[in-house]
Amino acid sequence: MKVPAPPPTEKGSVAAMINEAIAGYTQIKTIIIAAVDKMPAENFSFRPTPEVRTYAELFNHVAQAQNALCAAPGSASPAPITATTKDDVMTALKKSFELCDATYATVTPENAMEISGAGFLRGSKLGMISKNVEHDNEVYGTMAVYMRLKGLVPPSTAMRGRR
């Protein structure tokens, strides 16, 4: 499900802030899905050192966080994601993006500042989109290092025509 873009807005409005947050989300979503596609299937068990996550576990972490951030307030904690294959990782990741797409499609200027949740998951509807974008970008930075270690140009770099 694609998140519909709200109509053009005046600078400084809540609607403009929602548009900006959704644009950031859409950009990192595209890049993360491309990062799954780019890595050969045999490298999803790759971990640079024993102490860090595998490449698959990085995506599982993104999907798990998105499932928690985009779940209805008060819903049960999402089940752990333990995908190990490229296909299973992509399935789990796309499901988490579909959940967030649906959740973010409900954010309006009238409800954007409603607060819910607890701990890290406490915040406004608009703030949750920003938290998701920040988290996804942080984890993508790690994914990019894994890709470089395997001799691949990360999607965000390739999209800009760089190596």
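The expected span of a helix is 1.5 Å times one less than its number of residues. Helices are DSSP runs of H or I with at least four residues, numbered from the N terminus.

This is a predicted model, in which local features need pLDDT of at least 70, side-chain atom pairs count only at pLDDT 80 or more, and totals for chains, interfaces and linings use all residues. Residues are numbered from 1 along each chain as its sequence is written, and side-chain values use heavy atoms, with hydrogens and water left out.

**Exercise 1.** Compare the span of α2 with the expected span.

Solution. Step 1: α2 has 16 residues, for which 22 Å is expected at 1.5 Å a residue. Step 2: from first C-alpha to last, α2 reaches 23 Å, close to that value.

**Exercise 2.** State how α2 and α4 are oriented to each other.

Solution. Step 1: α2 (residues 55-70) and α4 (residues 125-149) pack at about 180 degrees, with axes 10 Å apart. The axes are lines fitted to C-alpha atoms over the stretch in contact, and angles run from 0 to 180 degrees between N-to-C directions. Step 2: angles over 145 degrees count as roughly antiparallel, so α2 and α4 are roughly antiparallel.

**Exercise 3.** Decide whether α2 is largely enclosed, and name the helices its buried residues pack against.

Solution. Step 1: buried means under 20% relative accessible area (1.4 Å probe, protein chains only). Step 2: twelve of the 16 residues of α2 are buried, so α2 is largely enclosed by the rest of the structure. Among them are Y55, L58 and F59. Step 3: the buried residues of α2 pack against α1 (14-38), α3 (86-104) and α4.

Notes
Helices (H or I, at least four residues) and strands (E, at least two) are DSSP runs, numbered from the N terminus. Angles under 35 degrees count as roughly parallel, over 145 as roughly antiparallel, 65 to 115 as roughly perpendicular and the rest as oblique. Buried means under 20% relative accessible area, exposed over 50%, partly exposed in between (1.4 Å probe, protein chains only). Contact means heavy atoms within 4.5 Å.
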